Amino acid sequence: MALFQTIETPLVTYEQPLGLFINNDFVKGVDGKTFETINPHNEKPIVAVHEGTAKDVDLAVTAARKALEGEWKHTTPSKRGHLLLRLADLLERDINTVAAIEALDNGKGVTEAKGDVTSSAGCLRYYGGWADKIFGQTIDTDSNSFTYTQHEPVGVCGQIIPWNFPLLMFAWKIGPAVATGNTVVLKTAEQTPLSALYVATLIKEAGFPPGVINIISGFGRTAGAAIATHMDIDKVAFTGSTLVGRQILRDAANSNLKKVTLELGGKSPNIVLPDANLEDAVTWVNQGIFFNHGQCCCAGSRILVHESIYDEFLALFKKRAQQNNVGNPFNPETFQGPQVSQVQYDRIMEYITDGKRSGAKVITGGDRHGNEGYYIQPTIFADVNENMAIVKEEIFGPVCTVQKFRDEKEAIIMANETNYGLAAGIHTTNINAAIRVSKAIKAGTIWVNNYNTLHYQMPFGGFKESGLGRELGSYALENYTEVKTVRVQLSQS
Ligand code: ADP
């Protein structure tokens, strides 16, 4: 099979790389396997890409190790930063192409996809700016010694990303890793391999030395597991399900105790207090659950509303959800496209069926949208209880539940009634209530009077079973550096 193919989209026609990206070259997999990626809008294959397995991961790790100990080691921090800035410029130059790939492969609306490109470029620039501003400390313990710390790259980093934000997750991962002088073997999700492969051409064009960033298309159980268990990978960063996150942690422990950061699932509460501005709260609650078709680990899927405003809120929220533009990702007006795959579609529809069966009331939605593609109507359930699967489990689709609470204390108890702790929202005009409730909620990000407003300057990650460590902001740099302490005994003459 070829290594490139011309692809036509409603927005652009472009050359899609199909190979694995190792040592700045596109190559076939050692086993000669390929797999198809599906267009979720029409359920038809877009193209087949070369599949990486453990042998290809080995080759990529060898390339990454060689780069780490060779040219990359001697690349100055400023130059590393410059390369990231250049990559960001190239991404923005090709924004239409990259956004079209995301719309085609993932199904997200092209306008949202352009937002992902801009935000990815911003993230790369942010970490590009950090590259030459990373330093240790001098520590004065006593007059007979001189002690300092040095922040060194961890080494070869394995990075495993999901399909919900294929490009953005790629940027979140490579940005801090490369800025701090590491090299990378990144596996994309099998549902969405295309955008990262296109960006690989930009990585080469930007001038990154061979082996610094390697990209493997492949499956979790083969290529992903090969990364997690690899004896020559120093760190693994994973974003995906809690189930797989546990496996990665076990694999790391059972192999070489590589460092692990995990960004996992969630079942985040979005709380509307009685004094909230209702119009604004409805806008953010709608954005909180239906943005990216509900395929966000931080989705505000449990909506908790004070009993005094419950009926009014629910009526407004229903109306707003029904106005969400569901349809073809290539329509610039589309807010919600199809779910990413048949598997995800089936899983979400099962939750909807289960919710109906267990007695929850469908306020709106509850069915597929149209008759082709993995489209699901924005769905709101009410009259639920805490034992229902739709209230307890992460659905990862455009489905939410609305529950009533009597007072702030009860809202906090309900909000924390989950093994997850990724995010939460609070809607109120009372600053004291906002801060009080923020303090009481066990979650990594609290959005007050907004939701899902991620930003590369803000750390992101989970309490409890939502993860380990933080991505983004300066906090992410800590994941990618080892601290070395040097203590020098001074001679007395
Ligand atoms: P989802 O269920 O939403 O697809 P996953 O957690 O299964 O989420 O997938 C996220 C990423 O993890 C994907 O790149 C996938 O290929 C990878 N993955 C899945 N299983 C494993 C595994 N056992 N080891 C390593 N990576 C895996």
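Biologist: Which feature does UniProt place at residues 27-486?

Modeller: UniProt, in an unreviewed entry, places "domain: Aldehyde dehydrogenase" at residues 27-486. UniProt positions use the numbering here, feature names are shortened, and annotations may be inferred rather than shown by experiment. Residues are numbered from 1 along each chain as its sequence is written. This is a predicted model: local features need pLDDT of at least 70, side-chain atom pairs count only at pLDDT 80 or more, and totals for chains, interfaces and linings use all residues.

Biologist: How is the chain divided into domains?

Modeller: Domain bounds come from an automatic or database domain assignment. Here domain 1 covers 4-264 + 468-483, and domain 2 covers 269-455. Their C-alpha centres lie 30 Å apart.

Biologist: How many residues of domain 1 are in contact with domain 2?

Modeller: Two residues are in contact if their C-beta atoms, placed from the backbone, lie within 7 Å. By that rule, 20 residues of domain 1 are in contact with 18 residues of domain 2. On the domain 1 side, helix α4 (residues 110-130) gives the most, with three residues.

Biologist: Where is Glu263, and is it buried or exposed?

Modeller: A residue is buried if 20 or more other C-beta atoms lie within 10 Å of its own, exposed if 12 or fewer, and partly exposed in between; C-beta atoms are placed from the backbone. Glu263 sits in strand β13 (residues 259-263). Glu263 is buried, with 29 other C-beta atoms within 10 Å. UniProt lists Glu263 for "active site" in an unreviewed entry. Leaving aside neighbours within four places in sequence, Glu263 is in contact with Thr239, Cys297, Gly461, Gly462, Gly467 and Glu471.

Biologist: Which residues of helix α13 are buried?

Modeller: Look at residues 408-416, which form α13. Ala411, Ile412 and Ala415 are buried there. Seen down the axis of α13, its buried residues fall within an arc of 100°, so they line one face of the helix. That arc is of the directions from the helix axis to the C-beta atoms. The face turned away from the buried side carries the exposed residues Lys409 and Ile413.

Biologist: How do I read a sheet?

Modeller: Strands of a sheet pair through backbone hydrogen bonds, either parallel or antiparallel. Two strands pair if DSSP finds at least two bridges between them. Here an open sheet of three strands has the order β7-β8-β22, with antiparallel pairing. The edge strands are β7 (138-139) and β22 (481-489), and each pairs on one side only. Two bridges join β7 to β8 (residues 145-153). The bridge partner of Ile139 in β8 is Thr147.

Biologist: What is the phi of Asn292, and of His293?

Modeller: Asn292 has a positive phi of about 55°, although it is not a glycine. His293 has a positive phi of about 65°, and His293 is not a glycine either. Asn292 lies in the loop between α9 (278-290) and β15. His293 is found in the loop between α9 and β15. Asn292 is buried, with 24 other C-beta atoms within 10 Å. His293 counts as buried, with 32 C-beta neighbours inside 10 Å.

Key:
Helices (H or I, at least four residues) and strands (E, at least two) are DSSP runs, numbered from the N terminus.
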